[in-house]
Amino acid sequence: MRRVNKDERSRVRFTLNGRAVSGDAESRMLLTDFLRHVIGATGTHVGCEHGVCGCCTVLIDGTAVRGCLTLAVQAEGRAVTTVESLASPDGTLNALQLAFQQHHALQCGFCTPGILMSFTDYLARNPHPTEDEIREVLSGHLCRCTGYAGIVAAVLAASGGTPNPESRSRT
Amino acid sequence: MKPRKFDYVRPDSVDEAVALLAEYGDAASVLAGGQSLMAMMNLRIAEPAVLIDIARLEELDDIKVAGDAVEVGAAVTQNRLKEWPELAAKLPLLAAALPFVGHFQTRNKGTVCGSIAHADPSSEIPLSLATLGGEVVLRSRRGTRMLAAQDFQRGMLTTAREPDELIVAVRFPVQSTRRVAFREVARRHGDFAMVAVAVCIENDNAMRIGVGGMADRPAVRRATIDGVADARGFFDSLAWELEGYDDTHASARLRRDLLRRVGPLVVEEALRCAA
């Protein structure tokens, strides 16, 4: 039985983007704060901190989840993947990131790390989604700059799809 | 915000989890997916002194057909049930309702039983369980008991679970009909439903109708409805009977109006399904 008492700081270990990391965390420390403040991996952003905005989305064992609704201690022994893993070490963007750049899928970029991680999981399960499927996944994120059209276009381009002229959300 | 301090415990078995609940009772909360609980803790609406994390318990991570029911363990996520290959054949109502539960990202972690435990009156999974007449399986050191969904959910975020009990599974009766429909109205996809309607046609025009978001818990009725005009009358009366309630998402009046408009559409959709 694993136990971390409320005033205790306990060593937490997991792999981050394929590399073993560890640090001390209180039981109440959120995974987002552990990544940013203990490990120093600041690619994952924190928006609403109650699971609504999706900025903090990371992969745990390949599955996209809210980092702010996960305790650091819950990630113990897991494989955590964040936006830092997407580009090559020399800075070359991956196909999804390039599509975001080409289709103006971001302006301020604050929400982008979470959106990229959601679609990293989703496209691995469904490599050729329809526009409506993309919009359904995107509904788990808030973006205040783009109006979403560029993001939908980018994901469609990255997955070889074509826009749906019937989509009711198209402006 | 950040949660208040708490003792975190991750038991290695259901027996250990139940022993911890017997020890801490009311002071403890059970953490599975955390998609409601962690949000409430971050907002300091929930402040448990002890958090018992059952998410890794393999004994609870199972979907199985047990007799005439599908039993879903307490660690099974909503997306895992949604992607279960037998879902459309055995539980067509759940196949229709699960896409409305939260978002792809929250369904990846949120559990089926967690939604039952949270008992939000507008939630899709408690509404489906009540409409189908399912059961909740509770275990404590005192033994195991089963409660019908209607007896389990007592009111707004309130259930009949005793402080020393752990929800180990929920049981959805296998459906013999494919004639089902589910719809809800929310401000945006995945948000809290202002009104949700589930319809399962049993035979001919006899149906079970479940309504969420109108009262402090799901309302389930059996009715025989012949066509859309009949459905309009039914939902007119039901809207006034349930009254609805005011909150940040919708007024009682809007809820009544939505039920009157959406209800007949859902009945019509279910009646159109091939048997």
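These legends describe close-up views of a predicted model.

**View 1. The two domains of chain A.** Chain A splits into domain 1, residues 9–85, and domain 2, residues 95–158. Taken over C-alpha atoms, the centres of domain 1 of chain A and domain 2 of chain A are separated by 21 Å. Domain 1 of chain A puts 15 residues into the contact, and domain 2 of chain A puts in twelve residues.

**View 2. The side of domain 1 of chain A that touches domain 2 of chain A.** Two strands of chain A, β4 (57–60) and β5 (63–66), each supply at least two residues here. The most comes from β4(A), with three residues. By residue class, this side of domain 1 of chain A has seven nonpolar, eight polar and no charged residues.

**View 3. The side of chain B that touches chain A.** Chain B brings 29 residues to the contact, and chain A brings 30 residues. In chain B, β1 (7–10), α2 (37–42) and α6 (104–107) each supply at least two residues of this side. The largest share is that of β1(B), at four residues. The residues of this side of chain B fall into eleven nonpolar, nine polar and nine charged.

**View 4. Strand pairing across the two chains.** Strand β1 of chain A, residues 2–4, runs antiparallel to β1(B). Three bridges join these two strands. At one of the bridges, A:Arg3 has B:Val9 of β1(B) as its partner.

Terms used:
Residues are numbered from 1 along each chain as its sequence is written. Chains are lettered from A and ligands numbered from 1 in the order in which they are written. This is a predicted model: local features need pLDDT of at least 70, side-chain atom pairs count only at pLDDT 80 or more; totals for chains, interfaces and linings use all residues. Domain bounds come from an automatic or database domain assignment. Two residues are in contact if their C-beta atoms, placed from the backbone, lie within 7 Å. Ala, Val, Leu, Ile, Met, Phe, Trp, Tyr, Cys and Pro count as nonpolar, Asp, Glu, Lys and Arg as charged, and the others, Gly among them, as polar. Two strands pair if DSSP finds at least two bridges between them.
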